[in-house]
Protein chains: 4
Amino acid sequence: MANFANETISAYDEPSLVEAKIMNKIRVTVWNEFRHEQLNEKVKQIYPNGIHNALAESLVSHGCQLRTATLDEPEHGLGEKVLDETDVLVWWGHMAHDEVEDEVVNRVHRHVLQGLGLVVLHSGHHSKIFRSLMGTTCSLRWREAGEKTRVWVVAPGHPIAAGLDHYFEIPQAEMYGEHFDIPVPDELVFVSWFQGGEVFRSGCCFYRGRGKIFYFQPGHETYPIYHQAEVQRVIANGVRWAQPSAGPGFLYGDGGALHASDSLESLG
Amino acid sequence: MANFANETISAYDEPSLVEAKIMNKIRVTVWNEFRHEQLNEKVKQIYPNGIHNALAESLVSHGCQLRTATLDEPEHGLGEKVLDETDVLVWWGHMAHDEVEDEVVNRVHRHVLQGLGLVVLHSGHHSKIFRSLMGTTCSLRWREAGEKTRVWVVAPGHPIAAGLDHYFEIPQAEMYGEHFDIPVPDELVFVSWFQGGEVFRSGCCFYRGRGKIFYFQPGHETYPIYHQAEVQRVIANGVRWAQPSAGPGFLYGDGGALHASDSLESLG
Amino acid sequence: MANFANETISAYDEPSLVEAKIMNKIRVTVWNEFRHEQLNEKVKQIYPNGIHNALAESLVSHGCQLRTATLDEPEHGLGEKVLDETDVLVWWGHMAHDEVEDEVVNRVHRHVLQGLGLVVLHSGHHSKIFRSLMGTTCSLRWREAGEKTRVWVVAPGHPIAAGLDHYFEIPQAEMYGEHFDIPVPDELVFVSWFQGGEVFRSGCCFYRGRGKIFYFQPGHETYPIYHQAEVQRVIANGVRWAQPSAGPGFLYGDGGALHASDSLESLG
Amino acid sequence: MANFANETISAYDEPSLVEAKIMNKIRVTVWNEFRHEQLNEKVKQIYPNGIHNALAESLVSHGCQLRTATLDEPEHGLGEKVLDETDVLVWWGHMAHDEVEDEVVNRVHRHVLQGLGLVVLHSGHHSKIFRSLMGTTCSLRWREAGEKTRVWVVAPGHPIAAGLDHYFEIPQAEMYGEHFDIPVPDELVFVSWFQGGEVFRSGCCFYRGRGKIFYFQPGHETYPIYHQAEVQRVIANGVRWAQPSAGPGFLYGDGGALHASDSLESLG
């Protein structure tokens, strides 16, 4: 029988989306540079299997189909085939942004413009991929003092705020404060309060090409923030929001313009 | 098994949403003033059961759960209970905007701020409910000359563009041209070209309170536009986009401010 | 000699703008309900000549040409002629919003759509004119506890942030917290931190019709906030930003649509 | 006497702005790759002194203080000192985008984030500097068939629409059509109609860092578009809108984040 979910499977869809849609699952790849967890005992205790696996377990429990990828794999685990089979890429990096190969960054960039969803977490604000998509420094003020933060919803009708109350608190967090040097978010979902006196636009949506990008500030390797239910919920919501929408195909896969030599109307 | 769709059913949800979600159906009420179809033979031929039923049939085929309401019913068919049981209200009106009672307009307005989705079609731009939510005249230039229009997608990653090509054409349409006196849309999905020389922001998304509003220009009582597949698809997409998101509850149901007398942090 | 300022005086201008432009002055009317200052000794001490005169003095020192108007004057001091001769209207009201006549509200509303700038201060969020232009409740959480607030610039390139540092503090303020039930601001300039744990979108720009609206949160009758230099600077910047721009005339002065019966291009 | 213009000269200002402000002039540098005019007889006839000088003459008549720079000069005429002394850079390039040195692109990029205004014209959509600031391909559909275009104002209150009627026509233009692969404009001022059936978001404003960017579609080397009064007016308006605003200084000149080690409030 026709139903709304199945209806979205059609000739318009990326072929690779069809099977997952039948299963009603979003195909997520969580990328982690996976260094802190191997170098720092404290981080290892909080995320014994790495931040990527903590995020993956949570997303599986929210109904996603998961795989992970890390910096030290060949092609950082982000080969063409992996990206072809990914609806949404979740990105966590911090100390090794510079080690990400430009070729991989360019590949991810191209896939985002073609429809790949991208969820960038916390210190990923300085990743090559986020900066190249934003066109700005993506810098900010920061302080690591274990202070309290309170994440306020400023867009209560936005799907990324689903299942939340008006705010939630994180007892110990790294402070990220304004000015956050990003383009004006296309949709601003969260604004955070920090105990030390700063504010931050902490949940930001961007449309780029045919893709959707969600930046979410909470999270740090030395705090158990990714074990917190509200944070997991927001990341799952962000994944769902960022999934490809099966709109018109991206026309500029090689970057070039398109010569529409024949006019649609007579120029007579 | 856990799946992403079921996951959205939780204690956070409006109770009235739970059953429909289990059925995976959005509860839509299509409202029509239903006058042209009774007064004008040409319109009756195109929409023999009224525009509301044409829209309803299409939305059912897209998996929604439907009811309709019309101007001449008591309370225009939009009593408190109907609105409580509606996720998204689709609005079509034209010649009788002034006959819609202010009490009903205020009721719908309140429900939108509390989360009801609203899809406003074509001549509904001048409805009381749309104007009261926008705060502007919502006026525009118009011409009824049966000219061609071409609806261009300017946001290919937006879910309302799902299943579309880069543009679609409507062979005969009423022209609506700029300046369209609305607030800047929060998301602009479509821009239309008209044969007579005008352009129009024809697919516009707005967040208001906890609700979401989608305005879509195509459609007119004397053209079979609501029988066109692309138009039906866009309206179904708009309904899906506008459905309530289960974010934090609306705090200001009576319009008044909220006295947060106790601070969250010590002011010592 | 040609210069950029004089160049803006042209046939396109509202005639009433020409003289002021020659003087390089913006014509501002400050409106105040002017009740607290007459009823409350504490307020009278802070604003002995009324909030309107404090604001007016500051704006004169920033180069504006000023007049004031208050609730108890005939037509609240906002007759047609006054509005015709005003570039930007600054609005302060709090305890007597309901006493403002709908006829005057409608008149100001019409003038804003036709190009009048509007700067709404603090408790003016609940004024009839602001609510009617926004289409939402404009409600918020509030607390009057004399706590500290810190106003952060989130749009450092915006002209309303001219002359400011990255933030400024107000030692004692009334708290206004999210969720602030307004439409998404077209430009968000400031976000405020409050000692008690809240955040607030405290500097918000809106385009409506041909007019521009700036809402600015700081200010309260029992604190000397309008004597603070940064606050005065922001209000002067807001006035300058909101002044009419001499763009195309407003087409819908009576609210009705415009019949563009002749097409610009042949429909042959 | 105090006046509003002089008031903007203060300790907050970039020192380099002060003198120009006293003169009430915006310091504009027009950059042109200046190749078509030397290679193509037709172009030379239309712009005998180069497009840069045509633009410069127009901007001088609108009260700006002008200099020009071209591709074949050392550092493409865009050394550090030139940029330091420039408020707004106007960019025209087409056939030689790839010849612009990355070092110069990076320098201009840094200056834009620090406050330099940038006005990008027509084929400059594919310039390195625009693409790097946007983060997308900035591609589009195009056709060179000398068709008519009609530029519609969709933001009548925006200062870039000053002095215009509701639309203006260009009798012969190159077609640029959607989808235009740019980020959602922060302010959309113009939408163009093309005779051949396309539409285009032809006047787009972006905030990036502390800088402002205006993209304007009209103009082509083989048509006398930059001699048309409305086009000149829009470019002058765009320059004025994009000029630095003297807001808080840019914090991330080297791209790095800022360690705010001391909290503003006690973390007790």
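1. How many residues of chain A are in contact with chain D? The count is 44, and they meet 44 residues of chain D; contact here means heavy atoms within 4.5 Å.

2. A quick word on the ground rules: this is a predicted model, where local features need pLDDT of at least 70 and side-chain atom pairs count only at pLDDT 80 or more, while totals for chains, interfaces and linings use all residues. Residues are numbered from 1 along each chain as its sequence is written, chains are lettered from A in the order in which they are written, and side-chain values use heavy atoms, with hydrogens and water left out.

3. Now for the area. Chains A and D bury about 3500 Å² between them, with 60% of that coming from carbon and sulfur atoms. (Buried area is the accessible area, taken with a 1.4 Å probe, that two parts lose on being put together, summed over both.) Look for Trp142(A), Tyr252(A) and Leu267(A): they supply 16% of what chain A buries against chain D, more than any other three residues.

4. What about polar links? The rule finds 29 residue pairs in polar contact across this interface, both residues at pLDDT 80 or more. A polar contact is a pair of N or O atoms within 3.5 Å; within protein, one must be able to donate a hydrogen and the other to accept it, and residues adjacent in sequence count only if both atoms are side-chain atoms.

5. Lastly, the strands (DSSP runs of E, at least two residues, numbered from the N terminus). S5(A) gives the most to the side of chain A that touches chain D, with five residues. S5(A) also pairs with S10 of chain D (residues 258–259) in the parallel sense, over two bridges; pairing requires that DSSP finds at least two bridges. In S10(D), His259(D) is the bridge partner of Trp142(A).

Notes
Helix = DSSP H or I, 4+ residues; strand = E, 2+ residues; numbered from the N terminus.
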